[in-house]
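Please read the following points with the sequence and the model open beside you. They are set out as a colleague's note, one topic to a point.

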Amino acid sequence: MGELKSIWSGKFWRDAGERAVSTAAQSALLALGATQLNVLEADWVTVAGFAAGGAVLSLLKSLIAQNVGERGTASLVK
């Protein structure tokens, strides 16, 4: 259980949260790009779904990365 201890630090969650928000924004832009950035006719439910899915995947990567990179962060790099 000592390996998972670092996910309870504020540093880890700030780092993971920042990554999740940026991934959500990138995913939303990807969904908008699929409709050629026509924001007046975009399917906003799909855009939100892409953004939420990207954020979840980013958080999962952060949880896995905390055992690989620098302890207490969501980075894969030491």
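**Notes on the model**

1. R19 has a relative accessibility of 27% and therefore counts as partly exposed, where buried means under 20% relative accessible area, exposed over 50%, and partly exposed in between, with a 1.4 Å probe and protein chains only. This is a predicted model, in which local features need pLDDT of at least 70 and side-chain atom pairs count only at pLDDT 80 or more, while totals for chains, interfaces and linings use all residues. Residues are numbered from 1 along each chain as its sequence is written, and side-chain values use heavy atoms, with hydrogens and water left out.

2. R19 forms a salt bridge with D15, the closest N and O atoms being 3.1 Å apart; the term requires a side-chain nitrogen of Lys or Arg within 4 Å of a carboxyl oxygen of Asp or Glu. By this rule the count comes to 1 salt bridge. Because R19 and D15 are 4 residues apart in helix α1, about one helical turn separates them. D15, at a relative accessible area of 17%, is buried.

3. The secondary structure comes to 2 helices and 0 strands, taken as DSSP runs numbered from the N terminus (helices H or I, at least four residues; strands E, at least two). Of the 78 residues, 32% count as buried.

4. Which residues make up the largest nonpolar core? This core has 9 residues in all, namely A20, A24, A28, A31, L32, A42, V47, A51 and A55, a nonpolar core being a set of buried Ala, Val, Leu, Ile, Met, Phe, Trp, Tyr and Cys residues joined through side-chain atoms within 4.5 Å. Both α1 (10–34) and α2 (44–65) supply at least two residues each, and α1 gives the most, with 5 residues.

5. S62 has its place in helix α2 and, at 1% relative accessibility, counts as buried. Leaving aside neighbours within four places in sequence, S62 is in contact (heavy atoms within 4.5 Å) with F12, A16, R19 and A74.

6. A search of the whole structure finds 1 aromatic pair. The ring centres of F12 and W13 lie 5.0 Å apart with their planes at 90°, so the pair is edge-to-face; rings of Phe, Tyr and Trp (its six-membered ring) pair if their centres lie within 6.5 Å, and planes under 30 degrees apart count as stacked, over 60 as edge-to-face and the rest as tilted. F12 is buried at 0% relative accessibility, whereas W13, at 37%, is partly exposed.
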